[in-house]
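Have a look at the structure first, and then we can go through it together.

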Amino acid sequence: MFKLIGAVIIILATTWSGFEAAKKLSLRPRQLRQLKVAMQSLEAEIMYGQTPLKEASQKLSKQMPKPLSVFFDTFAKRLDSGETTVKEAWDDSLKRIWQFLALKQGEFEILSQFGETLGKSDKYHQQKQIMLTMAHLEREEGDALERQRKYEKMMKSLGFLSGLLLIILLM
């Protein structure tokens, strides 16, 4: 009886871990799409609304889902404090939420590089930087979708099958 209960617990635990790994694979493309939407909104605010960066960030924090809403809220608050540069505020905000994102180091570098150019030039040059960042994010999203397609089902199955293997070895 106890062996059966233990076996069920092992299967549940390993299956759950497989589903969690698969969840990370599906979160990455979704978060990249959300970032692209945020970049498009930022571009619209800068180009057509001629909204200051702080106000545009506050608007984005209300439009985006978490954790991106937290990122833009933190960024707006850092800009509002006036104690920092735009680049430092961007990097600090990015580092604060990075652990809550399913993104890779490549995406961190893309966003960090974008932060270096943010607020340093006229709106047309800024638009070009946003378009470049969106192109990089588009490429990363394609990679993320490909990885999700290849490995998501495998991760789920691997969790369950590793539980079965563990049960067989323990019997």
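Q: Which residues line the largest cavity?
A: This is a predicted model, in which local features need pLDDT of at least 70, side-chain atom pairs count only at pLDDT 80 or more, and totals for chains, interfaces and linings use all residues. Residues are numbered from 1 along each chain as its sequence is written, and side-chain values use heavy atoms, with hydrogens and water left out. On a 1 Å grid over the protein atoms alone, a cavity is a set of points where a 1.4 Å probe fits but cannot get out, and lining residues have an atom within 4 Å of a point. The lining consists of Leu35, Leu68, Phe71, Trp90, Leu94, Ile97, Leu101 and Leu111.

Q: Which helix gives the largest share of the lining of the largest cavity?
A: Helices are DSSP runs (H or I, at least four residues), numbered from the N terminus. Two elements give two or more residues to this lining, helix H3 (68-81) and helix H4 (86-97). The largest share, 3 residues, comes from H4.

Q: How much space lies in the largest cavity?
A: Grid points are joined across faces, edges and corners, and a volume is the space filled by probe spheres set on the points. The count comes to 1 cavity of 30 Å³ or more. The space in the largest cavity is about 30 Å³.

Q: At what angle do H1 and H2 pack?
A: Axes are lines fitted to C-alpha atoms over the stretch in contact, and angles run from 0 to 180 degrees between N-to-C directions. Helix H1 (residues 2-47) and helix H2 (residues 53-63) have their axes 10 Å apart, and the angle is about 140°.

Q: Which residues of H2 make the contact with H1?
A: Contact means heavy atoms within 4.5 Å. H1 brings Ala38, Ser41, Leu42 and Glu45 to it. From H2 come Leu53, Ala56, Lys59, Leu60 and Gln63.

Q: Why is the pair of Trp90 and Phe114 edge-to-face?
A: Rings of Phe, Tyr and Trp (its six-membered ring) pair if their centres lie within 6.5 Å; planes under 30 degrees apart count as stacked, over 60 as edge-to-face and the rest as tilted. Trp90 is in helix H4 and Phe114 in helix H5 (residues 105-117), 24 residues apart. Their ring centres are 5.3 Å apart, and the pair is edge-to-face because the planes are at 70°.

Q: Where is Pro67 found?
A: The peptide bond from Lys66 to Pro67 is cis, with omega near 0°. Pro67 belongs to the loop between H2 and H3.

Note on methods. 1 Å grid on protein atoms, 1.4 Å probe; cavity = no way out; pocket = protein on both sides within 12 Å on 5 of 7 lines; lining within 4 Å.
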